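Thanks, everyone. I will go through one model today, starting with a chain and ending with a residue.

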Amino acid sequence: MNALTEGYNFAYLDERTKRMIRRALLKAVAVPGYQVPFASREMPLPYGWGTGGLQVTSAIIGESDTLKVIDQGSDETTNAVNIRRFFARTAGVATTTRTAEATIVQTRHRIPETPLTDKQIIVYQVPMPEPLFRLEPRVTECRKLHALADYGLINVKYYEDIVQHGSIATTYDYPVLVNDRYLTSPSPIPKFDNPKMHMNPALQLFGAGRERRIYAIPPYTKVKSLDFEDHPFSVQKWEHACALCGSHESFLDEMIVDDQGTRMFVCSDSDYCHSRRDDEEVAQ
Amino acid sequence: MYVAVKGGERAIERSWDVLAKKRRGDVAVPELSVAQIREQMRLAVARVMTEGSVYDEDLAALAIKQAAGDLVEAIFLLRAYRTTLPRFGYTLPIDTEAMCVERRISAAFKDIPGGQMLGGTYDYTQRLLDFTLLAEGEQVGDATIAAKASGESAMPRVLSMLDKEGLIEQERSHENAPPPGDLSREPLSFPADRSTRLQNLARGDEGFLLAVGYATQRGYAHSHPFAGEIRHGEVAVEMVVDELGFAVEIGDIEVTECQMINQFAGSGDVPPTFTQGYGLAFGHSERKAMAMALVDRALRAEELGESVASPTQDAEFVLYHSDNVEASGFVQHLKLPHYVDFQSELELLRRLRAAHGADDNKENAA
């Protein structure tokens with residue numbers, strides 16, 4: 001432990017705060033998809049940059065854990081690097097970029113392409129936990145709507161989308177119904193990732209620091225993306241394969257590579273892309 | 001060529017170095033000391049202590065230095081430190097009537113027991129740039145800072161005089177009142193009681209409160225305010241120590257308090273009476289305390305049976321957006337990569353535009 005982290009508890013938060021967060025987590029697991037208010041602490045990271053995920057990870061991480069942190073699917077974006085370093089520094093835990101090696105994956109905006117197992121926990125950073133906030137900004141009103149399971153508003157919105165555009169015009173943060181009860185924000189993951197939440201063997205925890213809410217999807221829970229019988233939910237597809245690993249199954253990032261506007265498509269999940277290329281090399 | 005997004009770690013370290021260098025500026029100019037900031041930028045220190053909600057002049061000055069004068073960043077630094085501090089307990093309520101007053105004015109009465117005390121204020125400085133400050137070796141007059149302890153010279157609150165006539169409603173603390181909540185330990189929930197609202201406003205951004213308070217004066221929930229009393233000075237902080245069983249003084253803090261007097265038309269049950277809005281801030285922070293008092297009064301609409309017609313009276317709107325550490329973080333998180341979401345939107349937009357073109361080529365061409 002270096003001079004800067006001396007005087008701080010393991011993984012930064014004090015044990016009483018961790019206990020408070022764990023209580024909220026237990027409640028969240030018991031009521032899948034329900035947003036549990038918790039006494040979010042001020043963290044040494046700005047609000048909106050992952051303070052909720054940071055607190056959840058801090059509350060669950062132990063010395064034997066191996067942590068992976070991704071942002072936009074990549075381990076190397078500055079915010080992911082920063083959060084990984086934070087735990088390496090304050091908890092001294094092992095970190096990895098390999099999805100399969102991690103016991104805890106903290107993520108912003110993606111679910112890894114490599115399927116998670118029942119030995120893993122995925123922690124989502126959530127900016128706006130309320131799936132209805134664009135339709136009803138009042139927290140008090142939204143709580144009532146959830147209590148009554150009154151989700152008419154969003155169905156009308158999606159119906160209007162279909163009338164206007166021919167399809168539902170939500171591409172990320174696409175709300176899901178968890179365990180047939182609570183409408184829940186999957187955090188701003190692309191709707192491409194929504195099907196991965198359904199019956200996932202891993203425990204899925206969601207932390208929203210600024211909005212002071214925690215929620216969870218326990219392993220093997222039913223997660224349904226909203227849709228209509230005649231307009232079933234579908235995910236994005238690309239005409240291209242990844243330019244680096246050739247995958248047709250992954251979510252692709254588009255990059256502009258020269259002044260003429262030439263585009264290149266590569267996997268957003270950097271670990272998935274690397275390991276596919278490594279496997280290929282081995283095969284050759 | 002695909003440029004890999006690797007190297008974030010090294011970039012961050014380099015960024016720290018650049019920042020440190022920028023903060024220090026030209027090394028030929030002597031470095032600012034924390035003591036200089038504490039002594040000579042006391043109003044900045046007061047704001048950082050108030051909104052950072054830690055009364056510590058040295059730490060606030062350090063935060064200002066570290067943040068290169070960005071006060072919202074300094075407030076964030078102080079908050080991030082505060083969150084790690086153990087909680088020993090709660091002090092007794094401070095008694096601002098017993099304040100050692102340095103400045104005290106009332107806009108409601110020409111003369112008041114204890115007198116008006118102008119003290120040090122920028123109000124009547126005529127705002128001419130003082131070019132002598134450009135020169136080194138500033139001359140300081142030998143003004144003595146007068147301070148009156150109200151114990152000796154009787155400086156009762158202006159509002160208590162109205163109270164004697166029953167002209168103003170007063171928040172009376174009753175014996176079985178529940179202890180006030182602690183916003184830094186419990187999430188904000190609605191409906192929020194007045195103590196919770198005041199805590200939120202005390203930590204709230206001065207600029208935000210100023211704008212909301214100003215809006216109330218311009219007709220968004222007009223509440224006819226009078227500055228009943230503004231006082232600034234030192235108050236003692238007392239705490240009951242368990243081992244002793246009685247309260248002991250643990251120090252003095254400087255605060256600025258504002259009590260606004262507002263009209264109230266009365267209702268079927270209550271005769272017309274004055275009502276009040278309250279503001280309190282660390283250090284000398286009159287703008288903040290006054291704005292806070294205006295907003296506090298506006299937020300009391302519901303409890304006083306007034307109609308809630310304007311955003312300034314809407315507790316959810318005001319309290320959820322007052323905190324500058326939250327607001328600054330969330331606004332600036334837009335700097336973080338959003339490649340994935342943006343890619344999803346791109347894909348949708350292209351699809352919609354393709355469909356649109358196929359439907360109606362003419363309109364597209366026009």
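A residue counts as buried here if 20 or more other C-beta atoms lie within 10 Å of its own C-beta. By that count, 49% of the 284 residues of chain A are buried. Keep in mind that this is a predicted model.

Staying with chain A, its secondary structure comes to 7 helices and 12 strands. The radius of gyration is 19 Å, close to the 19 Å that the globule rule gives for 284 residues, so chain A is as compact as a globular protein of that length. Its C-alpha trace spans about 60 × 55 × 35 Å along the principal axes. Of the contacts in chain A with a separation of 6 or more, 61% are between residues 24 or more positions apart.

Now the interface. Here 47 residues of chain A are in contact with 39 residues of chain B. Which elements of chain A give two or more residues to the side that touches chain B? They are helix H3 (78–90), helix H4 (139–147), strand E11 (252–256) and strand E12 (263–267). H3(A) gives the most, with 4 residues. By type, that side of chain A divides into 21 nonpolar, 16 polar and 10 charged residues.

Last, one residue in chain B. Tyr122(B) sits in the loop between strand E1 (100–105) and strand E2 (148–149) of that chain. Is Tyr122(B) buried or exposed? Tyr122(B) is exposed, because 9 other C-beta atoms lie within 10 Å, and the cut-off for exposed is 12 or fewer. From Tyr122(B) to Ser173(B) is 51 residues in sequence and 36 Å in space, C-alpha to C-alpha.

Technical notes:
Residues numbered from 1 in each chain as written. Chains lettered and ligands numbered in written order. Predicted model: local features only at pLDDT ≥ 70, side-chain atom pairs only at ≥ 80, totals over all residues. Rg over C-alpha atoms; globule rule 2.2 N^0.38 Å. Contact = placed C-beta atoms within 7 Å. Nonpolar A, V, L, I, M, F, W, Y, C, P; charged D, E, K, R; others polar.
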